[in-house]
Amino acid sequence: MGTDRFVITVIGVDTVGIVAGVTRVMSDFGVNIVDIRQTLMGDIFTMLMIGEVKNENFVLKDFQEQMAKTGQGLKVEIRVQHEDVFRYMHRI
């Protein structure tokens, strides 16, 4: 069984429950947090995570859709990209 890693970004106006909402979805999908950074710039909340999953039944599209739906409910933007895609898109 292989391991897949994802870059998860969250940005929006700070409110109670953002981290809880995002990590709840990650837990539901069996995605482990490998690294996490978050900061507040005034009332703007930003979070960047590396998530990892070791589940052969994991469907990235389903995870992306649920994260986007959760983001809408929390009034933040959540993006999930496979680490390989992220690195390819941001290469010099």
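# Working chat on the predicted model

User: What is the relative accessible area of Gln-81?

Analyst: The relative accessible area of Gln-81 is 21% in this predicted model.

User: Which strand is Gln-81 found in?

Analyst: Gln-81 belongs to strand S4. In space, its C-alpha lies 8.8 Å from that of Leu-60, a residue 21 positions away in sequence.

User: Let us step back. How many helices and strands does the protein chain have?

Analyst: The protein chain contains three helices and four strands. Along the sequence they follow the pattern β-α-β-β-α-β-α.

User: In what order do the strands sit in the sheet?

Analyst: The order is S2-S3-S1-S4, in an open sheet with antiparallel pairing. Strand S2 (32–41) and strand S4 (76–82) form the edges, each pairing on one side only. On average, neighbouring strands are turned by 10° against each other, with direction ignored.

User: How many bridges do S1 and S3 share?

Analyst: Strand S1 (residues 4–13) and strand S3 (residues 44–53) are paired over 10 bridges, in the antiparallel sense. One of the pairs joins Val-13 to Ile-44 of S3.

User: And how many join S2 to S3?

Analyst: Nine bridges join these two strands, which also run antiparallel. Leu-40 has Phe-45 in S3 as its bridge partner. The hairpin of S2 and S3 has two residues between the strands, and Gly-42 takes a positive phi near 70° there.

User: Which residue other than glycine has a positive phi?

Analyst: Lys-75 is such a residue, with phi near 60°. Lys-75 sits in the loop between H2 and S4. With a relative accessibility of 71%, Lys-75 is classed as exposed, because the limit for that class is over 50%.

User: Now the helices. Which strands does H1 lie across?

Analyst: Helix H1 (residues 18–28) lies across S1, S2, S3 and S4, and runs at about 15° to S3. Helix H2 (residues 60–74) also packs on the sheet, where it touches S1 and S4. The direction of H2 makes about 165° with that of S4.

User: What about the core: which residues touch the most other members?

Analyst: The largest nonpolar core has 19 residues, and those touching the most other members are Ile-8, Val-10, Val-22, Met-26, Phe-63, Met-67 and Ile-78. At least two residues of this core come from each of S1, H1, S3, H2 and S4. As a general matter, nonpolar side chains tend to be buried together in soluble globular proteins.

User: Take Met-26. What does it touch?

Analyst: Leaving aside residues up to four places away in sequence, Met-26 touches Ile-8, Val-31, Asn-32, Ile-33, Met-49, Gly-51, Phe-63 and Met-67.

User: What percentage of the residues is buried?

Analyst: Buried residues account for 33% of the 92 residues in the protein chain. The chain exposes about 6100 Å², of which 52% is supplied by carbon and sulfur atoms.

User: How much of the contact set is between residues 24 or more positions apart?

Analyst: Such residues account for 70% of the contacts in the protein chain with a separation of 6 or more.

User: Changing topic, how many salt bridges are there?

Analyst: The count comes to three. One of them links Arg-37 with Asp-35, where the closest N and O atoms are 2.6 Å apart. Arg-37 is exposed at 53% relative accessible area, while Asp-35 is partly exposed at 33%.

User: Which salt bridge involves Glu-65?

Analyst: Glu-65 pairs with Lys-61, and their closest N and O atoms are 3.2 Å apart. Both residues lie in helix H2, four residues apart, or about one turn of the helix. Glu-65 is partly exposed at 44%, whereas Lys-61 is exposed at 54%.

User: And which residue does Glu-77 meet in a salt bridge?

Analyst: The side chain of Glu-77 meets that of Arg-79, at 2.6 Å from N to O. Glu-77 is partly exposed, with 39% relative accessibility, and Arg-79 is exposed, with 51%.

How values were computed: Residues are numbered from 1 along each chain as its sequence is written. This is a predicted model: local features need pLDDT of at least 70, side-chain atom pairs count only at pLDDT 80 or more; totals for chains, interfaces and linings use all residues. Side-chain values use heavy atoms; hydrogens and water are left out. Two strands pair if DSSP finds at least two bridges between them. Axes are lines fitted to C-alpha atoms, for helices over the stretch in contact, and angles run from 0 to 180 degrees between N-to-C directions. Contact means heavy atoms within 4.5 Å. Buried means under 20% relative accessible area, exposed over 50%, partly exposed in between (1.4 Å probe, protein chains only). A salt bridge is a side-chain nitrogen of Lys or Arg within 4 Å of a carboxyl oxygen of Asp or Glu. A nonpolar core is a set of buried Ala, Val, Leu, Ile, Met, Phe, Trp, Tyr and Cys residues joined through side-chain atoms within 4.5 Å. Accessible areas come from the Shrake-Rupley method with a 1.4 Å probe; for residues, only the protein chains shown count as cover.
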